[in-house]
Amino acid sequence: MTERYQKSQELFAAAQQVIPGGVNSPVRAFRGVGGSPIFFAKGEGSRLTDVDGNSYLDYVLSWGPLLLGHAHAAVNQAISDQVVLGASFGAPTAQETKLAEQVIGLVPSIEQVRFVNSGTEATMSALRLARAFTGREKILKFTGCYHGHADMLLVQAGSGVVTLGLPDSPGVTAGAAAGTLTAEYNDLEAAKAIFAAQGSEIAAIIVEPIAANMGFVLPEPGYLEALCELAHAHGALFILDEVMTGFRVSPGGAQVHWNLKPDLTCLGKVIGGGLPVGAYGGRRDVMQHVAPAGPMYQAGTLSGNPLAMAAGSATLETAFTPVEGKTPFEHAVGLAEALANGMRGLSEELGIPLQVGQVGTMFGFYFLREAGMHVKSYADAKQMVDAERYARFFWAMCERGVYLAPSQFEAGFLSAAHSAADVEQTLSAAREALQAK
Ligand SMILES: *Cc1c(COP(=O)(O)O)cnc(C)c1O
């Protein structure tokens with residue numbers, strides 16, 4: 001085992017000397033599964049190669065962005081065409097308008113959009129905008145939902161905060177946290193009670209349409225619609241954080257899949273095709289409050305960066321253009337279904353209780369402590385999930401050439417570069433890994 005990952009371990013030791021924890025984003029450190037993180041040297045299509053020369057089928061895909069897989073020819077071409085013209089001008093370019101038009105074409109609730117550099121910036125800016133628009137200070141978020149690492153959002157957050165078991169983060173001021181109200185995900189009554197008490201002070205509800213930073217938790221039927229109605233009944237905005245689900249659950253995101261009409265939407269991940277991009281957009285009358293059209297200040301030296309716009313445009317264009325009657329996106333959805341069904345089958349056959357979820361190109365599964373349990377919220381996830389079992393499974397899969405998220409509290413992804421044979425190989429690896437002691 002040690003030998004297999006020897007170079008990774010050496011690189012990690014060196015990284016820890018100069019980078020806190022050896023990583024630039026916490027969940028990469030493998031605290032959720034133990035051991036030392038794998039350092040990668042190369043990605044191609046559905047596969048990754050690590051620095052020790054081991055090859056893996058990749059279901060992390062840079063945490064979602066790589067809808068077309070690694071190093072897709074169209075994305076690489078778009079980036080290299082642009083890079084010879086210059087990487088950044090800090091001035092408007094046609095590429096920004098092009099990507100904006102593509103986004104607006106795919107996501108019907110978005111009438112205007114502003115590009116930023118990360119999902120964190122997208123949610124932070126959307127909330128500032130909601131406050132500016134409503135003249136109110138508070139927001140409502142849900143326990144275990146992750147919306148990036150802005151101060152007011154690091155309250156009951158998911159992703160690495162869940163994996164590392166941090167309740168909140170030191171450094172977040174009481175003032176920043178005070179405006180953030182939280183309710184349990186999928187608990188409509190809890191949200192209603194908060195609005196009954198403080199509705200006139202709440203600027204917005206922000207929610208992940210699928211809670212995919214505490215594993216993979218689907219909204220109960222009607223829950224998101226009811227949240228939207230609740231916000232509007234009290235004069236608050238309804239913000240969908242589709243940084244992960246955007247262009248993945250359907251071409252128009254979760255909102256098209258479930259026919260939701262948010263006032264604002266946050267995007268990231270896929271929209272940059274592997275380069276750093278985020279965006280927030282929505283109702284024109286709300287977006288007109290953003291500077292310089294309106295008074296709410298938000299800016300960025302590298303925002304709308306031409307390389308990133310080119311990569312994002314090429315990704316969206318390629319993913320949703322049919323090849324022989326089927327889009328690459330639809331191909332990926334079919335494989336995600338096959339993978340999820342295969343995992344359900346293995347769970348039943350081997351008598352290992354798994355909660356398997358899948359929508360569009362995304363999936364997730366929990367190892368449940370007991371059959372019959374069903375995770376609907378973060379409180380459930382904490383009680384019902386066997387994290388140690390996942391850790392063993394994760395490493396057994398790595399040994400069999402399959403790379404999953406190094407934490408059970410993260411979603412998995414398919415790309416257009418995956419094949420039916422990849423999924424079959426993954427399922428036979430999973431059969432062995434589930435049976436391994
Ligand atoms: C990843 C993610 C973010 C944060 O995006 P970054 O680009 O990592 O800042 C925000 N919201 C959701 C739902 C995410 O999955």
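In what order do the 4 strands of the open sheet stand? The order is β1-β2-β3-β13, and the pairing is mixed. Welcome to this predicted model, in which local features need pLDDT of at least 70 and side-chain atom pairs count only at pLDDT 80 or more, while totals for chains, interfaces and linings use all residues. Residues are numbered from 1 along each chain as its sequence is written, and side-chain values use heavy atoms, with hydrogens and water left out. Helices (H or I, at least four residues) and strands (E, at least two) are DSSP runs, numbered from the N terminus.

**The open sheet**

- The edge strands are β1 (40-44) and β13 (402-403), each of which pairs on one side only; two strands pair if DSSP finds at least two bridges between them.
- Strands β1 and β2 pair in the antiparallel sense over 4 bridges, with Lys42 opposite Thr49 in β2.
- These two strands, β1 and β2, form a hairpin with 2 residues between them, and Gly45 in the turn has a positive phi of about 60 degrees.
- Strand β2 (residues 47-50) also pairs with strand β3 (residues 55-58), in the antiparallel sense over 3 bridges.
- Here Leu48 stands opposite Tyr56 in β3.
- Helix α15 packs on the sheet and touches β2, β3 and β13, where contact means heavy atoms within 4.5 Å.
- The direction of α15 makes about 105 degrees with that of β3; axes are lines fitted to C-alpha atoms, for helices over the stretch in contact, and angles run from 0 to 180 degrees between N-to-C directions.

**Helix α12**

- Helix α12 (residues 328-350) has 23 residues and should span 33 Å at 1.5 Å a residue, which agrees with the 33 Å between its end C-alpha atoms; the expected span is 1.5 Å times one less than the number of residues.
- Its buried residues (under 20% relative accessible area, 1.4 Å probe, protein chains only) include Phe329, Leu335, Leu339, Met343 and Leu346.
- The buried residues of α12 pack against α11 (306-319), β11 (354-359), β12 (362-367), α14 (387-399) and α15 (420-435).
- After α12 comes Gly351, with a positive phi near 65 degrees.

**Around the ligand**

- Residues around the ligand (a heavy atom within 4 Å) include Ser118, His147, Glu208, Met244 and Lys269.
- A polar side-chain atom of Asp241 lies 2.7 Å from a nitrogen atom of the ligand, a polar contact being a pair of N or O atoms within 3.5 Å.
- For Asn213, a polar side-chain atom is 3.2 Å from an oxygen atom of the ligand.
- Tyr146 has a polar backbone atom 3.3 Å from a nitrogen atom of the ligand.

Note on methods. Buried < 20%, exposed > 50% of the residue type's maximum accessible area, 1.4 Å probe, protein only. Polar contact = N/O pair within 3.5 Å; in protein donor to acceptor, adjacent residues only side chain to side chain.
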